There are 2 protein chains.
Amino acid sequence: MSAPQSARSTVRRAPHRADYDRGVIYEVLDSALYCHTGFVVDAQPYVIPTIHARVGDTLYIHGSPASRMLRVVRAGAPVCVTVTLLDGLVLARSAFHHSMNYRSVVVLGGGREVVDAEEKLAAFRALVERVVPGRWGRIRRPTTAEFARTQVLAVGLDESSAKIRTGPPVDDEDDYSLEVWAGVIPVEQHFGAPIDDPRLIEGLSPPSFP
Amino acid sequence: MSAPQSARSTVRRAPHRADYDRGVIYEVLDSALYCHTGFVVDAQPYVIPTIHARVGDTLYIHGSPASRMLRVVRAGAPVCVTVTLLDGLVLARSAFHHSMNYRSVVVLGGGREVVDAEEKLAAFRALVERVVPGRWGRIRRPTTAEFARTQVLAVGLDESSAKIRTGPPVDDEDDYSLEVWAGVIPVEQHFGAPIDDPRLIEGLSPPSFP
């Protein structure tokens with residue numbers, strides 16, 4: 001299944017690295033722990049890190065800039081949500097061909113504030129569950145006041161594209177004989193050992209992390 | 001030294017986490033391997049991952065979206081460059097207080113295409129050296145054609161701010177007695193073992209990575 005390409009969601013630079021397959025887009029979105037959301041206020045773009053969760057073909061975002069971002073979204077302005085996973089540093093033999101291996105997704109669209117209580121609760125749940133599966137069943141759920149104070153933004157994936165670079169550097173033919181190390185330095189994300197809250201009551205174990 | 005705060009670069013959400021100290025801003029910018037650059041075309045914001053390097057009080061960015069981004073910048077439009085380092089997942093006892101530990105910097109400003117040859121070469125050098133110190137002296141430098149084909153954007157740090165969250169979750173007082181594990185799962189970035197280019201000539205060793 002491919003996301004319908006619009007003129008503006010079509011990748012222009014290095015289009016051979018573009019992918020509009022919805023499965024690829026889902027995988028990148030679901031693998032990233034946070035995204036960057038762009039919105040415009042008085043012609044100035046703002047790009048803010050937020051957390052996100054995907055439910056079907058809808059991306060939910062939630063984060064610290066809620067007030068300014070939501071004010072804009074309420075006025076019907078478009079947003080851009082971008083997720084990037086850095087996989088490696090690509091060291092070529094020439095300065096020009098240095099690159100990065102990465103997977104990124106760019107989602108364009110009109111944001112929508114989630115006001116339906118059922119959808120909003122499902123979004124909260126997804127935001128917690130995607131980070132720690134099973135956690136929603138153990139924590140204290142939002143109170144009515146918390147529920148009202150927290151805003152969630154929904155963006156559809158109709159105008160989305162992925163861009164992926166993998167593999168070794170691509171050098172100019174003449175440069176392959178240069179005595180310069182070339183290759184890829186993988187970049188990996190790991191979880192460290194859990195740090196107990198200082199006020200944790202005794203006998204509780206942290207969730208297991210991959 | 002603090003960056004002068006403008007109304008629009010003042011952090012609005014959770015202002016106690018904001019920092020306008022230039023040293024803090026430098027450290028976050030210099031620690032990140034890539035940034036997200038926001039720009040606006042026809043009222044639609046775009047957010048694109050690019051690589052960056054800081055030289056003094058100027059941030060240089062360079063990346064795949066060069067054409068569309070530069071077309072906009074040439075027309076004098078503002079940009080937003082955001083860098084985020086995720087340090088940990090903050091698991092609270094309530095859904096509401098779940099959070100992330102992170103360091104982020106947001107830079108607002110008018111971008112400027114770097115056209116001066118000396119500044120452009122220095123920017124290229126910085127973009128390579130910041131990833132692998134010492135590499136600029138070993139690789140093939142840009143040809144005149146490559147130099148002309150590659151665009152670099154400069155953004156000053158006059159309107160910049162950092163936002164940092166550290167430490168354990170902050171739960172509601174009543175929730176501390178809940179039998180729910182709470183604390184921080186550190187998120188760490190590591191470099192993996194270097195992967196030689198398949199066409200690497202014999203006897204070359206990769207650069208050492210921390």
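Trainee: Which residues touch the most other members of the largest nonpolar core?

Mentor: Phe39(A) and Phe39(B), in a core of 62 residues. Keep in mind that this is a predicted model. Chain A averages a pLDDT of 89, and the complex has an ipTM of 0.91.

Trainee: What is Phe39(A) in contact with, leaving aside its neighbours within four places in sequence?

Mentor: Its contacts include Tyr46(A), Met69(A), Val72(A) and, from chain B, Pro45(B).

Trainee: Why is Arg93(A) called buried?

Mentor: Its relative accessible area is 0%. Buried means under 20%, so Arg93(A) qualifies. Asp171(A) is at 6%, so Asp171(A) is buried by that cut-off too.

Trainee: What makes Arg93(A) and Asp171(A) a salt bridge?

Mentor: Their side chains meet at 2.7 Å, N to O. The limit is 4 Å, so the pair counts. The two residues sit in loops of chain A, 78 residues apart.

Trainee: How do you know that Arg140(A) and Asp172(B) form a salt bridge?

Mentor: The closest N and O atoms are 3.3 Å apart, within 4 Å, so they form one. The pair crosses between chains. Arg140(A) and Asp172(B) also belong to a salt-bridge network with Glu146(A) and Asp175(B).

Trainee: Why is Asp172(B) called partly exposed?

Mentor: Its value is 32%.

Trainee: What makes Glu173(A) exposed?

Mentor: Its relative accessibility is 53%. Exposed means over 50%, so Glu173(A) passes. Its salt-bridge partner Arg199(B) has 41%, so Arg199(B) is partly exposed.

Notes: Residues are numbered from 1 along each chain as its sequence is written. Chains are lettered from A and ligands numbered from 1 in the order in which they are written. This is a predicted model: local features need pLDDT of at least 70, side-chain atom pairs count only at pLDDT 80 or more; totals for chains, interfaces and linings use all residues. Side-chain values use heavy atoms; hydrogens and water are left out. pLDDT is the predictor's confidence in each residue, from 0 to 100. A nonpolar core is a set of buried Ala, Val, Leu, Ile, Met, Phe, Trp, Tyr and Cys residues joined through side-chain atoms within 4.5 Å. Buried means under 20% relative accessible area, exposed over 50%, partly exposed in between (1.4 Å probe, protein chains only). Contact means heavy atoms within 4.5 Å. Helices (H or I, at least four residues) and strands (E, at least two) are DSSP runs, numbered from the N terminus.
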